[in-house]
Amino acid sequence: MTHTAATMKRLTFFSSVLGALVAVGMTASGAHAAASSWAEAHGGRLRVIVPGGQAGADGSLRAGIEIEMKPGWKTYWRQPGDAGIPPQFDVADSVNLAAFKVDFPVPKRFDEAGSTMIGYKNTVVFPVTVTPKDPSQPTLLDLEVDYGLCEAICVPARAEIRMDLSRADDTDMAASLLLARYDAKVPRHKPADAENGLRVATVERDDEAILVSAELVDPDAPFDLFVEGPADWFLPAAKPTGRDGATARWRVPLEWLPKTAELSGAELRLTLVNGNQAAEQVWTLK
């Protein structure tokens with residue numbers, strides 16, 4: 001997009017928002033709980049929900065990016081597995097926005113045609129924390145989301161959402177419950193040296209793979225591991241290699257790393273799932 005085109009888009013957006021505020025008599029400090037219109041795509045659709053309610057001490061509010069998929073369709077997690085399109089969020093053209101933090105609920109593994117995809121089906125909501133630069137002024141969101149939708153084949157999708165995120169006076173209970181449901185699925189951070197509960201116990205490597213062992217809290221419940229490396233790394237889905245009582249093991253092949261990748265000192269993010277519990281730990285390779 002050229003500078004002129006981007007400027008015109010923002011001016012049109014701001015004019016429409018300000019016109020709406022004047023038309024309904026809203027102030028900058030108050031608005032009703034809101035949801036954007038759906039942005040339709042082949043295989044699904046996307047919108048932003050804003051439940052409203054009490055702002056944080058820094059003026060931050062909670063919102064959600066909801067993707068609803070048609071039967072048989074899926075979308076991807078931030079690390080898509082053996083192949084795929086992870087979602088990308090662009091808020092660069094927003095106004096009065098200091099921070100926009102997206103959380104990812106625990107995904108599922110889908111093994112199809114010899115490949116593994118990591119993601120979601122039916123519906124997913126990515127919880128978002130929006131922090132304004134000045135809480136006394138409206139926060140105008142200009143969000144572009146590039147994501148993938150997959151059935152027999154995978155197709156790219158784009159959604160463009162523009163809306164006012166001013167503080168709501170009332171809470172939309174349906175939106176609040178939906179957001180809370182998915183917020184509860186976001187893994188909680190746990191230190192790498194944790195000694196109790198659901199945890200990654202060891203992370204080692206050889207010339208061909210990363211080797212991970214983890215302690216489960218319920219060996220009879222389903223369990224899984226998702227491993228992410230530095231931004232320029234591509235890691236295939238972790239391969240289970242066995243379980244001994246409450247200890248489970250995985251192998252993550254390294255054959256797709258860039259030739260310049262430095263293994264020693266590389267930081268890994270590991271998401272461990274066991275039943276309805278999930279923990280996220282950061283480890284540094286030796």
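Trainee: How many of the seven residues of strand β15 (residues 209-215) are buried?

Mentor: Bear in mind that this is a predicted model: local features need pLDDT of at least 70, side-chain atom pairs count only at pLDDT 80 or more, and totals for chains, interfaces and linings use all residues. Residues are numbered from 1 along each chain as its sequence is written, and side-chain values use heavy atoms, leaving out hydrogens and water. Buried means under 20% relative accessible area, exposed means over 50%, and partly exposed is in between (1.4 Å probe, protein chains only). Strand β15 is mostly covered, with a buried count of five.

Trainee: In which order do the four strands of the open sheet with β15 run?

Mentor: Strands here are DSSP E runs of at least two residues, helices are H or I runs of at least four, and both are numbered from the N terminus. Two strands pair if DSSP finds at least two bridges between them. The pairing is antiparallel, and the order is β14-β15-β18-β17.

Trainee: Which strands sit at the edges of that sheet?

Mentor: Look for strands that pair on one side only. The edge strands are β14 and β17 (239-244).

Trainee: Where is Leu257, and which residues does it touch beyond its neighbours within four places in sequence?

Mentor: Leu257 lies in the loop between β18 and β19 (267-274). It counts as buried because its relative accessible area is 15%. Phe234 is 23 residues away in sequence, yet the C-alpha to C-alpha distance is 5.9 Å. Taking contact as heavy atoms within 4.5 Å, its partners are Trp233, Phe234, Leu235 and Leu263.

Trainee: Why do the buried residues of helix α2 count as lying on the same side, and what arc do they cover?

Mentor: The residues in question are Ala175, Ser176, Leu178, Leu179 and Tyr182, within residues 173-183. An α-helix has 3.6 residues a turn, so residues three or four places apart point the same way. The arc is that of the directions from the helix axis to the C-beta atoms. They share a side of α2 because that arc is only 165°.

Trainee: Which strands do those buried residues of α2 pack against?

Mentor: Start with the opposite face, which carries the exposed residues Met173, Ala174, Leu177 and Arg181. The buried residues of α2 pack against β3 (44-50), β4 (61-69) and β10 (123-132).

Trainee: Zooming out, what share of the contacts with a separation of 6 or more comes from residues 24 or more positions apart?

Mentor: The protein has two helices and 20 strands. Of its 286 residues, 48% count as buried. For those contacts, the share is 69%.
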